[in-house]
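Hi,

Here is the structure I promised to pass along.

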Amino acid sequence: MSLYPEVTSTGSAMETSNFAHVIFQNVGKSYLPHAALECHYTLTQFIKPHPKDWVGIFKVGWSTARDYYTFLWSPLPESYTEGTAVNRSVVFQGYYVPNDDGEFYQFCYVTHKGEIRGASTPFQFRASSPS
Amino acid sequence: VCAGDESVASHFALVTAYEDIKKRLRDTERENMLLRKRVKQMEDKLIRQEAP
C-alpha cells in the first residue's frame, strides 16, 4: 500500500502508523451483488490477532468503526507463533453483501479494541462487470 | 482507542480509496479515448464502402 505525499498534514503520522498491519490480497474492482465474497488478507508480524478482531465491509468515506455495512469475526490461526505473518480469509455470504447501488466499498480490519489496522482498495457491487 | 486515532484511520482509508479511484478514472478515460478512435475508424471505413 502506498502513502501519498499530497496529504502531508497527516503524512508523517501515517508512515509510522498501524494502518498497514493487515494487507488485503487480490481485491477485485467489482463483485457480483448477492454472491458469496471471499476476502483474503495477511496479518503481518506487527499484529497480534485476537478472537474478537473482525473484518468489515465499509462504504468509502466511513468515519467510525461503527459505520460498517456488514462484518465477520476474523478466525484465529490454528497454530500461531507471535511475530510471524499469517494468511487468513473470510467468506461473506451473498445475502449480507451490498446490492448493485453504485457505491464504493472497502474491507477494513478492526481489532477487538476498535483500532483499524488495515484498509483495502475500493470495490463496487455490479451485476455485470465490464472488464 | 482515542478519537484522534480513529479519525486518522478514517482519513487514511479514504486516501487509499481516492488514489485508487483516481487511477481507475485515468485508465477508463484512456480506454474511452481509444474506443472513440476505433468507432471513428470503423465509421470512416463503412462510409468509404458505401460510397460508389
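**A buried arginine, and what surrounds it**

A:R117 has a relative accessibility of 12%, so it counts as buried, the cut-off being under 20%. Bear in mind that this is a predicted model.

A:R117 belongs to strand β8 of chain A, which covers residues 116-119. Its side chain makes a polar contact of 2.9 Å with the side chain of A:H21. Leaving out residues up to four places away in sequence, A:R117 also touches A:N18, A:F19, A:A20, A:V22, A:F46, A:I47, A:Y109 and A:T111.

Now for the sheet. In chain A, four strands make an open sheet, ordered β5-β4-β7-β8, with antiparallel pairing. β5 (68-73) and β8 of chain A sit at the edges, each pairing on one side only. On average, neighbouring strands here are turned by 25° against each other, ignoring direction. Between β4(A) and β5(A), which run antiparallel, there are five bridges. If you like tryptophans, look at A:W54, which stands opposite A:W73 in β5(A).

Then the nonpolar cores. The largest one has 19 residues, and A:Y41, A:V55, A:F92 and A:F107 have the most contacts inside it. Two or more residues each come from β1 (22-25), β3 (37-43), β4 (54-59), β6 (86-92) and β7 (105-110) of chain A. The top contributor is β3(A), with four residues. Another core, of 12 residues, lies apart from that one; among its members are A:F19, A:I116, B:F12 and B:A13.

Cheers

Conventions: Residues numbered from 1 in each chain as written. Chains lettered and ligands numbered in written order. Predicted model: local features only at pLDDT ≥ 70, side-chain atom pairs only at ≥ 80, totals over all residues. Heavy atoms only, no water. Core = buried A, V, L, I, M, F, W, Y, C linked by side-chain atoms within 4.5 Å. Buried < 20%, exposed > 50% of the residue type's maximum accessible area, 1.4 Å probe, protein only. Polar contact = N/O pair within 3.5 Å; in protein donor to acceptor, adjacent residues only side chain to side chain. Contact = heavy atoms within 4.5 Å. Pairing = 2+ DSSP bridges. Axes fitted to C-alpha atoms, helices over the stretch in contact; angles between N-to-C directions.
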